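The sequence and the model are shown first.

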Amino acid sequence: MLAVTGGIWSAYLILVLYVLAMVAVGVVTYKKSKSLDGFLLGERGMGGWMSAFAYGTTYFSAVVFIGYAGTYGMSLGLGAVWIGIANAILGSLVAWLVLAKRTRNLSQRYSASTMAELFEKRYNSRHIKLYAAIVIFIFLIPYSTSVYQGIAYLSEAVFGLDFVWCVVIMAVLVGVYLFVGGYFANAVSNFIQGIIMLIGVVVMIILMLKAPEVNGIEGLKHLIESGYGFFPSAETTATGSWFDSPAAQLIFNLLLTSFGIWAVPQSVQKFFAIRNDRAVLQGSVISTFFALIVGGGAYFNGSLARLFYPEMPADPSNIIPNILLSNEMMSYAVLGLIFVLVLSASMSTLSSLALVSSSSVCMDIYRGYINKGATDKQVNLLARILCFVFVIISAVFAIFEVDAIVTLMSLSWGTLSGCFLGPYVYGLYWKRANKVGAYASVTATLATTITLIFVFGKIGGGESFTELLSLGIKRAPVIGVFCMVESMIVTPIASLIGEAVAKRKGVALNAPEVAEKEEVAETVAANE
């Protein structure tokens, strides 16, 4: 039941202003998307601020604010804040310092517009591009579907807006400004959405601390005294498995969310569009502060949930919305701002996923295999249409609540990261990395993910196929971390084996021009 005060018109006004702003962004940025490179990468002219906000808003979606923050805040207490801090340091600062500059330089040297195309040029293999593009498309659809569902409860409770209409409005809005403005529209909207997210998180935390259930510092003291402080227990739970202990939950989720961002295509592609080295340095600092405030703030807000709910509710996904709606400190205007905060997080992630997925299909599959002679104009039009199609497909799955698709979302992040982490990182730094290692990483990750789902499902007591799948997916963070580690081990070993076999046959795995470009890239990086 709503405990907010004031007229609901104020919440509607904020929502309408936001929608008008997003439409205006698409119209204003249209000229920047006329060329294919402009539509897909904003003509590689993004500055530090725009790139950092695009990276950050893609990183933190509604799933974090509505689902993860409440669920792990309840189970870990203040310890959940470490996830946000690690996301800022490892997922933003270190990721930018290690990956951004080299990715930007190599993508320009190879004239690569997508992650899959970068693999093709780096590893001298057309088929690795197709393999990667198919994996990206399959696993990004359930991810984007979950984004829609992240705002369902809040939209129905605040505005009385049916979930279906909320999904339709969001899909049309994202589809229109992407169709018209492409990457530049996405970047500008991400910047606006990032500002909204920063303001919204700060306001939300202030009002949460003022709530009677929290009462400022008193609430934090109570959490620490009741065993929900900053250092979760390593004791096993009722299941008898260490994997289910609070400490294990923290470790695996921290690693998954902090290192998983390194190799998911929607974040990597942000590095392709950075203007210059100065923008890289600027972006690394800005993205770190953004992640610290937004990510750390979201998990801190979630950690206070234990003060509102002494016991874990049956449906932990609605914890944060329920707290916000029952907080007597809220007004409709503030609630409207928070709704737009969640909507912004959703739309920024959804638009990035749509761009990455459409570019993989039009560049890596259509131009790469179906119509190799396609002009830039033809591919540009197809990319615009596919953005809209991708958004609509995800919306349809969300509306009809296709459980088999939605269930895959919890694995999509770890699976994509596991497939690409080794080939991507080694491809930037080690010239002996080759296509054998890349194929081995993707294949091993897919096989390991499927195997571990059913192994963990069996350990959890599952019998039927549905039970095994459901129980196994609950260990998604463990599976994802295992796959990322596996990728970093399998890629170099398979590359060395492939190199040895190729030498015996007198075959070069990496094309001469690729090896030469790699040596030039290493020399430039060393001099800089």
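## Surface and overall make-up

The accessible surface of the chain comes to about 20,200 Å², and 69% of that area belongs to carbon and sulfur atoms; accessible areas come from the Shrake-Rupley method with a 1.4 Å probe, and for residues only the protein chains shown count as cover. The model is a predicted one, in which local features need pLDDT of at least 70 and side-chain atom pairs count only at pLDDT 80 or more, while totals for chains, interfaces and linings use all residues. Residues are numbered from 1 along each chain as its sequence is written, and side-chain values use heavy atoms, with hydrogens and water left out.

The chain has 22 helices and zero strands, where helices (H or I, at least four residues) and strands (E, at least two) are DSSP runs numbered from the N terminus. Of the 528 residues in the chain, 58% are buried, a term that means under 20% relative accessible area, with exposed meaning over 50% and partly exposed in between (1.4 Å probe, protein chains only). Among contacts between residues at least 6 apart in sequence, 85% join residues at least 24 apart, a contact being heavy atoms within 4.5 Å.

## Helix α1 against helix α16

The axes of helix α1 (residues 9-28) and helix α16 (residues 332-370) come within 7 Å and cross at roughly 30°; axes are lines fitted to C-alpha atoms, for helices over the stretch in contact, and angles run from 0 to 180 degrees between N-to-C directions. The crossing angle makes α1 roughly parallel to α16, because angles under 35 degrees count as roughly parallel, over 145 as roughly antiparallel, 65 to 115 as roughly perpendicular and the rest as oblique.

On the α1 side, the residues in contact include Ser 10, Ile 14, Tyr 18 and Met 22, and on the α16 side they include Tyr 332, Ala 333, Phe 339 and Met 347. By class, this contact has 12 nonpolar, three polar and no charged residues, with Ala, Val, Leu, Ile, Met, Phe, Trp, Tyr, Cys and Pro counted as nonpolar, Asp, Glu, Lys and Arg as charged, and the others, Gly among them, as polar. Ser 10 is buried, with a relative accessible area of 12%, and touches Tyr 332 and Ala 333 when residues up to four places away in sequence are not counted.

## Helix α5 against helix α11

Helix α5 (residues 81-109) and helix α11 (residues 246-259) pack at an angle of about 35°, with their axes 8 Å apart, and their crossing is right-handed. Among the residues that make the contact are Trp 82, Asn 87 and Leu 90 of α5 and Leu 250, Asn 253 and Phe 259 of α11. The contact divides into seven nonpolar, five polar and no charged residues.

## Individual residues

Phe 184 lies in helix α9 (residues 163-210) and is buried, with a relative accessible area of 19%. Phe 184 and Gly 26 are 158 residues apart in sequence, yet 8.8 Å apart in space, C-alpha to C-alpha.

Most residues other than glycine have a negative phi. Asn 124, in the loop between α6 (115-123) and α7 (126-149), has a positive phi near 55° and is partly exposed, with a relative accessible area of 38%. Asn 215, found in the loop between α9 and α10 (217-225), has a positive phi of about 60° although it is not a glycine.

How values were computed: Left-handed = near helix turned anticlockwise from the far one by under 90°.
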